[in-house]
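Hello,

Here is the structure for you to look over. My notes on what was found follow below it.

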Amino acid sequence: MNGRRTIRNEVSHTNFNGHFVYTTSLRSLLLATVALGVLSGCSLFEANVKESEKTPLQQLVSGKSSETKIATRTETAISPEKKTRFDGGLLLGNTDTVAYQPHELASTLDGMIAADKWNSARNLIGLYPDVVSKILLGQDGASISRQRLRDVAKLFDEKWTRDGSGEWQALVRLSGRTESINDFLTSRSLFLELIGNNEPKDALAMNLSKNLDKTASSVDLVAAEALRLEGIAYLMMEKYSDSIKRFDQAFSLLKPNHPYQASKIGLLLGETQRHAKNHDQWKSTWQASTDIQSRWLHERNLVDPAFWEKAAFLRPVSSEWSERTISRLENSLRNESLDFGSDQSGNNEAVIWATIGIQRLKRHEAQNAILAFKKSEALISDKVLKSELQMQQALAMIDAGQPGPASAILLRLSSTNSASHIGDRAKAILATLKLQNGSLAQGMNLLQSAMPTCQQWPESERLRAQADYGLSYLMLGKESEGISLLDHVYEQFMKRDEYDQASQCLWNIATYYEKTQQPRKLRVAKAKLKQMESL
């Protein structure tokens, strides 16, 4: 990628983000077939594993060894559905395709808000601020009702506008009342079409920023967007001083209340300063942009992997990542069991690419995540940290629908002994894969061998494993134990503000009651789920 490539991507409004929600944890399996219950005594089952040259763990993973005998008991049980639930489009192998187009996300948000699933909508808006901002600007064919657009703008302001200044809501409100805002959005579309057709001179002839009336120019987002587009057009014409002037004005307008948008324009400004050979200004602007983005990651958990990819590419050769930026990124990575403080190589680029990998994985952009984790791994020397990055690669492979390669990595990691208990954590993920495939006994064996050390695992991993364990109880017909564990995990996820995970726990409980024909308990579970979504 080079400076010109960056401009073209900005103009054509393509990015390298794919989206699919591919739920790989057992928590999200469709609980379907009702079968005769199986259990005896205090333990889950009595296993009689055949002898083989393979180790017991290898036999369990290969699925060719154990012949588990389970004592019967007349209690309703749930057997796992063989297929995984999909909530989006699955894209494999292509890192340049956007899976979540604005009109698709608009439709999804419309449905969620109509069903009062406010926390689910908040979660999507938190993960995809780049796509949501396009929806709010009426870009790329995104169509949504005026009322729903106001709802989305309100949630977006809550999450991404400093102090909730409400400018996105003002933009939407004015577009419904004031012709000048609609005129701007129409002119903006024409401007984008012209520069997309490599006609920047004709685009600039529209005088987009100068033609804003008093109402439109009073909205900083509108004024900054007009300046940004003109800056791109001037940059395409290599009129760097005019481009710098526009970008600098837009950057100044957005910094106070819109740091997310400001950081992106800052990279454009810095790149233009580089073309103009203003190297000192370029370094300063680049540092300011990365500082803004890292601070917003620290304060609001901003997920914007495309920014960090561009920032890594556009970094001035003579400039290092600031200690403050790296410290913030390292703190966020520790929440994912990635402690770069133990690595003696001190390679800051490894921290950047690990951050990109985590953020891509959160957005379910698995192919990009795998590549980012591999880049990070190649830049470090610490063996424990390498193992943790390999664990993340395996999770991304599962997310991409590649359980085979993921299992190979996890099987190797399962024999690792470390203070982080990565071996047992790998077993727990292998267990989930087995349970998903309907191998209940083998999955339970793996879970039981992994769980004794779970209190020493990272909290998020422990909770996910406990949720899987609770659901496996339900599959075996042990309702009280399964529901109790899922309820506990739900409460813990709520304390961590992980509403998507908490919602999945409640969804599984409700589905269990539905399949076992317990209408009273089903109503209670659905009411609890609805209450959680409306918080």
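Glutamine 293 lies in helix H14, residues 279–300. Helices here are DSSP runs (H or I, at least four residues), numbered from the N terminus. With a relative accessibility of 2%, glutamine 293 counts as buried. Buried means under 20% relative accessible area, exposed over 50%, and partly exposed in between (1.4 Å probe, protein chains only). Setting aside neighbours within four places in sequence, glutamine 293 is in contact with Ser263, Leu302, Asp304, Phe307 and Trp308. Contact means heavy atoms within 4.5 Å.

A word on the source. This is a predicted model: local features need pLDDT of at least 70, side-chain atom pairs count only at pLDDT 80 or more, and totals for chains, interfaces and linings use all residues. Residues are numbered from 1 along each chain as its sequence is written, and side-chain values use heavy atoms, leaving out hydrogens and water.

Next, tyrosine 473. It sits in helix H23, residues 459–475. Tyrosine 473 is buried too, at 16% relative accessible area. Its C-alpha atom is 8.4 Å from that of isoleucine 483, which is 10 residues away along the chain.

Last, arginine 146. This residue is found in helix H6. Arginine 146 counts as partly exposed because its relative accessibility is 36%.

Best wishes

Conventions. Helix = DSSP H or I, 4+ residues; strand = E, 2+ residues; numbered from the N terminus.
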